[in-house]
Amino acid sequence: MKTTKKPQSKQSETTAKPVKKAQKKPDTSAPEGPVISAGSLLTEYDIYLFREGKHASLYDKMGAHLIEHNGQQGVHFSVWAPSAEWVTVVGDFNGWNRESHALFPRWDSSGIWEGFIPGLQAGTVYKYFIKSRHHGYIVEKGDPFGFLWEEPPKTASVVCGMDYKWNDKKWLATRKQKADEGTQPFSVYEMHIGSWRRVPEEDNRSYTYQELAKDLPGYLKWLGYTHVEFLPVMEHPFYGSWGYQTTGYFAPSSRFGTPQDFMHLVDALHKEGVGVILDWVPSHFPTDQHGLDYFDGTHLFEHEDPKKGFHPDWKSNIFNYGRNEVKSFLISSALFWLDKYHVDGLRVDAVASMLYLDYSREEGEWIPNEFGGRENLEAIQFLKDFNDSAHHLFPDVHTIAEESTSWPMVSRPTQIGGLGFNMKWMMGWMHDTLVYFSKEPVYRSHHQGQITFSIIYAFHENFMLPLSHDEVVYGKGPLIDKMPGDEWQKFANLRNLYAFMYGHPGAKLLFMGGEFGQTSEWKHDYSLDWHLNDFHYHRGVQLVVKDLNEIYKTEKAFYEKQFDWDGFEWIDLNDAHNSVISFMRKGREEKDLVVVIANFTPIVRENYQIGVPYKGNLKEIFNSDDQKYGGSGVSNNFIESLPIPMHGKPRAITLTLPPLGVIFMKYE
């Protein structure tokens, strides 16, 4: 069957530019119009690395670059389209004429087309018009390496320079120093840029990057977070995908400003001591016609067979990780954000969907690997190569995996067989903890194992504890609504949850709104309910999060060995009758020990004894039941340890446990 175009994806908000057959094929050996075969930006070594899947900075050579050639200012274009019969550049500069500005195919059969157009400047809107050698397919495509795209629903790329004067030299030096010192506190505020704050007076529009740069850094510094994680900022046609259906792998969304505006936001965050993590999506991409889908009349970026190349859950394409040029494209995308935007880490979305060939597929809907197994060997190698490249070129940044299965050694070095990530989301902890907290306290004694089980595997990986956006959407409601009881108990439970989270080993992550007890489910078209902070209970939750972040950063017991068995020791995990657990967190030095006691019932427990290891007095350094948080004010002052053997320890202390409260005790 002869076709001229591939159907447009229904999931996009956009409508592709109508595709019409060209009336006349340009002579690509001697094109009309001011296109000059400018001597490529790509060297033979670049092409070698590209073909080997080892090029980590293609963004410096591919796409649209403002350069000077033979004394003329203009733009050098370069695009990979090996099955194209010819390629031209169309745009506002030539009236979208498909015949006037043809690119040249490289001599080396790399499949790259390139050329220089003098006179073009930043702001030029363009696409590549491709006529395929297959089926007469013709299409207009955005630039896979475009640094800027038109604001959706428009779909063209925009010529854009990457110049910016950075002011974060001190931050980068500190980042390197911390990496050299070893494990550091890592508390993450996860947020969606489009719905953090909006401007109701201006048709409820989202904050811009520039506006965020004024308000966000100071807020996060005050809360004490070490990092902010943005849901994908990469350009995406469908706003409702939250960025997880990416088309612009080298461009921040133009909905909120320019690349330089986003650089300014990162710079402003660094100035206040807040690192930046970006969600990055190498697992799949949308089928929008202007994007990577069926790029040159073939399945260039994706697998041809839908059993390997189409994602049944998200109705999107799966990258062909076995194609080296695709690996170079993706690795270059990852390192682009670390390089050009000074980003401090990447959280890789949906890693489980990459690792398993049968992910979300029934029998007969997937193709086994060469050994007959379900592991995606090509994706596994890609993830290792990505992590090796990132850590070699940027050794002080972090890569984090959202991986929901028990795949081994996700956060272990590739040299010993791991995938090479620095951290992995602890999905099991998140699930078990929220299920436990959703139960009425009277029933919690029957589920003690649910709140203690995570420690069994807590040190198999370098875990991050996530209370993420996924837990407050699609009818799940806000975190406060998961808590049982009356209003007081709901807020006490929420403070209890956060305190338990910070006491538990691992890095921390909380989605925006959770820090003040947002009372409505997250909706990407609306702002957070900031007015709630005018109410005592909500303000109290916010202060709890602030104080927990401060304690996490200052008490070495909570972070120096947060990924190490030596940093944790149970005191008593078996008091199911009272629904109480107690344990110790340890730093490198004995004096840094902190005792954590959690009471998961609304009953005040007086004269409650637990074993402790050393002689001396302990003081309460945190209590989630403090009146300033909205609690009842049950507390402990200085407690002397007595020579009473208990829980395998030589001494004991006697406490009063606050209702639905968590306390931290430390030796003076």
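Contact here means heavy atoms within 4.5 Å. The model on screen is predicted.

**Stop 1: Ser468.** Select Ser468, in the loop between β21 (463–467) and α13 (479–482). Leaving aside residues up to four places away in sequence, Ser468 touches Glu190, Trp425, Leu509 and Phe511. Is Ser468 buried or exposed? Its relative accessibility is 3%, and buried means under 20%, so Ser468 counts as buried.

**Stop 2: helices α6 and α8.** Next, select residues 324–340, which form helix α6, and residues 377–393, which form helix α8. Two packed helices are described by the angle between their axes and the distance between the axes. For α6 and α8 the angle is about 35° and the axes are 10 Å apart. Their crossing is right-handed.

Now show the side chains where the two helices meet. On the α6 side, select Lys327, Leu330, Ile331, Ala334, Leu335 and Leu338. On the α8 side, they meet Gln381, Phe382, Asp385, Phe386, Ser389, Ala390 and Leu393. By type, the residues of this contact divide into nine nonpolar, two polar and two charged.

**Stop 3: helix α14.** Move on to residues 487–503, helix α14. At its start, select Asp486 and Trp488: a side-chain oxygen of Asp486 comes to within 3.3 Å of the backbone nitrogen of Trp488. How far apart are the end C-alpha atoms of α14? They are 24 Å apart, which agrees with the 24 Å that its 17 residues should span at 1.5 Å a residue. Finally, bring back the surroundings of the helix. Of the 17 residues of α14, 14 are buried, so the helix is largely enclosed by the rest of the structure.

Methods
Residues are numbered from 1 along each chain as its sequence is written. This is a predicted model: local features need pLDDT of at least 70, side-chain atom pairs count only at pLDDT 80 or more; totals for chains, interfaces and linings use all residues. Side-chain values use heavy atoms; hydrogens and water are left out. Axes are lines fitted to C-alpha atoms, for helices over the stretch in contact, and angles run from 0 to 180 degrees between N-to-C directions. Helices (H or I, at least four residues) and strands (E, at least two) are DSSP runs, numbered from the N terminus. A crossing is left-handed if the near helix is turned anticlockwise from the far one by less than a right angle, and right-handed if clockwise. Ala, Val, Leu, Ile, Met, Phe, Trp, Tyr, Cys and Pro count as nonpolar, Asp, Glu, Lys and Arg as charged, and the others, Gly among them, as polar. The expected span of a helix is 1.5 Å times one less than its number of residues. Buried means under 20% relative accessible area, exposed over 50%, partly exposed in between (1.4 Å probe, protein chains only). A polar contact is a pair of N or O atoms within 3.5 Å; within protein, one must be able to donate a hydrogen and the other to accept it, and residues adjacent in sequence count only if both atoms are side-chain atoms.
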